[in-house]
Amino acid sequence: MRSARLWFIAPLALAAGLSARPAPAAEPIDNAKEEAAIQKSAEAFVEAFNSGDAKAVAAFWTPDGDMVDREGHQVKGRKAIEAAYQKFFADAKGAKLFIRIGSLRVARPDLALEDGETEVVLPDGPPAASRYTVVHVKQEGQWMIDSVREATAVPPNNAERLEGLAYLIGDWTEDAEKGGNAKASYVWNESQNFIVNTFDVTMKDVPVAGGKQIIGWDAAAKKPRAWTFLFNGGFAEGVWTPDGDNKWKIAVTGTQRDGTKVVATNVITKMDDDHFTFQFIDRTVDGKPLADDKPVKMKRVK
């Protein structure tokens, strides 16, 4: 695949374009009108980019505007920017640009700030994504790009939303006088969108229960949700609800390997950074109630 530097690709679609005459300084800024003008310019830029027209793309910059890529390389001035685009279009014919504007703020009648992400799709390779910041300036009634700064695109994650469960990250064993039978290991997945819990229970060194649990953020319910897959083929789903600062109540519904339906509440209580307890209460199997389990105390393996 041909290499392509995104420092002259990323946020270029977001400036220029004609807008109405600037209002006198004493009048309030019509933000909606100015933002619409910049949005319209973005569409025009994408069209110029996708047609491979380096001169038209460079015309969106002020004469002395610049752009800096994620490695800190700078291209300054409209002529140099046009030359950079000419080289890119020659090396990556047929490249297509997509823009996702994250925020756009008109700070003054002649100044606007924008952040977002771009994706460039090459005909012979995977898409390339970047984050960007653009400074727009208004000159003679026209919005122009004055500065572009690019950064590595970071996939969104839910680490902040799952912060209340982050103390679980690590290895745990049952805190019992005669040695624990329960073990659990919590880790973030690569994108930090999920916490993965691998657990097992043994008796006399023989595995009797275990499986894997995946905890994620349910954006619709605005709560953590977990999916559990048992080693014997059973599975369950649970919605986590905070109960005070250190306790979670998890409403669990599941199906055992024989097809029976299980409903229960799993209560997890943080005692300190190195200890927590879990307990199953309010259990039923096919509607028949079962006695509550005794709390199991877990300690962190150091």
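**Notebook: sheet, helices and hairpins**

**Entry 1, the open sheet.** I began with an open sheet of six strands, ordered S2-S1-S6-S5-S4-S3, with mixed pairing. S2 and strand S3 (96-108) are the edge strands, each pairing on one side only. From one strand to the next, the twist averages 15°. For my own reference, helices (H or I, at least four residues) and strands (E, at least two) are DSSP runs, numbered from the N terminus. Two strands pair if DSSP finds at least two bridges between them. Axes are lines fitted to C-alpha atoms, for helices over the stretch in contact, and angles run from 0 to 180 degrees between N-to-C directions.

I noted where all this comes from: the model is predicted, local features need pLDDT of at least 70, side-chain atom pairs count only at pLDDT 80 or more, and totals for chains, interfaces and linings use all residues. Residues are numbered from 1 along each chain as its sequence is written, and side-chain values use heavy atoms, with hydrogens and water left out.

**Entry 2, the S1 and S2 pair.** I looked up how S1 meets S2: the two run antiparallel and are joined by three bridges. Valine 68 has glutamine 74 in S2 as its bridge partner.

Which strands does H1 lie across? I found S1, S3, S4, S5 and strand S6 (142-152), with H1 running at about 155° to S3. H1 has 20 residues and reaches 29 Å from its first C-alpha to its last, close to the 28 Å expected at 1.5 Å a residue. The expected span is 1.5 Å times one less than the number of residues.

I then listed the buried residues of H1: Glu34, Ala37, Ile38, Ser41, Ala42, Phe45, Ala48 and Phe49. They are on the same side of H1, because they cover an arc of only 150° around the axis. That arc is taken from the directions from the helix axis to the C-beta atoms. On the other side of H1 I found Ala32, Lys40, Glu43 and Glu47 exposed. My cut-offs are under 20% relative accessible area for buried, over 50% for exposed and partly exposed in between, with a 1.4 Å probe and protein chains only. After H1 comes glycine 52, with a positive phi near 75°.

Is lysine 138 buried or exposed? I noted that this lysine lies in strand S5 (residues 128-139). Lysine 138 counts as buried because its relative accessibility is 10%. Its side chain makes a polar contact of 3.0 Å with the side chain of glutamate 34, and Glu34 is among the buried residues of H1. A polar contact is a pair of N or O atoms within 3.5 Å; within protein, one must be able to donate a hydrogen and the other to accept it, and residues adjacent in sequence count only if both atoms are side-chain atoms.

I turned to H3 (residues 78-91), whose 14 residues reach 20 Å from first C-alpha to last, close to the 20 Å expected at 1.5 Å a residue. Ile81, Glu82, Ala84, Tyr85, Phe88 and Phe89 are buried in H3. They sit on the same side of H3, because they cover an arc of only 160° around the axis. The face turned away from that buried side carries Lys79 and Lys87, which are exposed.

What do the buried residues of H3 pack against? I found helix H1 (31-50), helix H2 (54-58), strand S1 (61-68), strand S2 (74-76) and strand S4 (111-121). Contact here means heavy atoms within 4.5 Å.

Next I checked the loop between S6 and strand S7 (170-174), where asparagine 158 lies. Asparagine 158 is buried, with a relative accessible area of 15%. Not counting residues up to four places away in sequence, asparagine 158 touches Gln192, Asn193 and Trp217.

Strand S8 (residues 182-188) and strand S9 (residues 195-203) run antiparallel, joined by seven bridges. Their hairpin has six residues between the strands, and glutamine 192 takes a positive phi near 60° there.

Strand S13 (residues 247-255) and strand S14 (residues 261-272) are antiparallel too, with nine bridges. Between them are five residues, and glycine 259 in this hairpin has a positive phi near 95°.

I ended with S14 and strand S15 (residues 275-285), which pair in the antiparallel sense over nine bridges. A hairpin of two residues joins S14 to S15, and lysine 270 stands opposite phenylalanine 276 in S15.
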